[in-house]
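Here is a short report on one protein chain. Look at the sequence and the structure first, then read on.

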Amino acid sequence: MASLERRYDGRYRIVFCCQGRKYSHSLGKVSDCETRSCKDRLEENLRFVERGLLEVQMDANLGFFLLSGGKLNAGVGIHRH
């Protein structure tokens, strides 16, 4: 569902697909353990969205939204490819 990429400068980003679109979200410089935790959380919340248990607002930043369990919906750092 999601994959982690370590950038050349030591920063991480998470890449995932939702409704046929590819997204990426920067995690910054965090530990390997934290990156795995973010990936697990994002994948779980993405499953909730797919099942209709979590509703994404139209103006939500999808990366922040999924990483926060639907509590945050603003910010920068999400990129569509």
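## Contacts and overall layout

Among contacts in the protein chain between residues at least 6 apart in sequence, 40% join residues at least 24 apart. Contact here means heavy atoms within 4.5 Å. This is a predicted model: local features need pLDDT of at least 70, side-chain atom pairs count only at pLDDT 80 or more, and totals for chains, interfaces and linings use all residues. Residues are numbered from 1 along each chain as its sequence is written, and side-chain values use heavy atoms, with hydrogens and water left out.

The protein chain has 2 helices and 4 strands. Their order along the sequence is β-β-β-α-α-β. Helices (H or I, at least four residues) and strands (E, at least two) are DSSP runs, numbered from the N terminus.

## Confidence

The average pLDDT of the protein chain is 86, and 88% of the residues score at least 70. Over residues 74-81 the pLDDT is below 50. Beyond near neighbours in sequence, that stretch has 27 contacts in the model. pLDDT is the predictor's confidence in each residue, from 0 to 100.

## Surface and burial

The accessible surface of the protein chain comes to about 5400 Å². Carbon and sulfur atoms hold 47% of that surface. Accessible areas come from the Shrake-Rupley method with a 1.4 Å probe; for residues, only the protein chains shown count as cover.

Of the 81 residues in the protein chain, 35% are buried. Buried means under 20% relative accessible area, exposed over 50%, and partly exposed in between (1.4 Å probe, protein chains only).

## Strand pairing and hairpins

β1 and β2 pair in the antiparallel sense over 5 bridges. Two strands pair if DSSP finds at least two bridges between them. R6 has Y12 in β2 as its bridge partner. The hairpin of β1 and β2 has 5 residues between the strands, and G10 takes a positive phi near 90° there.

β2 also pairs with β3, again in the antiparallel sense, over 7 bridges. C17 stands opposite K22 in β3. β2 is mostly covered, with 5 of its 7 residues buried.

The hairpin of β2 and β3 has 2 residues between the strands. Q19 sits in the loop between β2 and β3. Its phi is near 50°, a positive value in a residue other than glycine. Most residues other than glycine have a negative phi. Q19 is exposed, with a relative accessible area of 76%.

## Nonpolar core

Which residues touch the most other members of the largest nonpolar core? They are F16, L27, L42, L62, F65 and L66, out of 17 residues in this core. β2 (12-18), β3 (21-28), α1 (32-51) and α2 (62-67) each supply at least two residues of the core. A nonpolar core is a set of buried Ala, Val, Leu, Ile, Met, Phe, Trp, Tyr and Cys residues joined through side-chain atoms within 4.5 Å.

Not counting residues up to four places away in sequence, L42 touches A2, I14, F16, L66 and L67.

## Aromatic pair

Rings of Phe, Tyr and Trp (its six-membered ring) pair if their centres lie within 6.5 Å; planes under 30 degrees apart count as stacked, over 60 as edge-to-face and the rest as tilted. By this rule the count comes to 1 aromatic pair. The ring centres of F16 and Y23 are 5.5 Å apart and their planes are at 15°, so the pair is stacked. Both F16 and Y23 are buried.

M1 is in the segment before β1 (2-6). The C-alpha atoms of M1 and C17 are separated by 6.9 Å, with the two residues 16 apart along the chain. Leaving aside neighbours within four places in sequence, M1 is in contact with V15, F16, C17, E43, L46, R47 and E50.

Is E43 buried or exposed? E43 is buried, with a relative accessible area of 12%. E43 lies in helix α1.

N45 is buried, with a relative accessible area of 7%. Residues up to four places away in sequence aside, N45 touches L54, L66 and G69.
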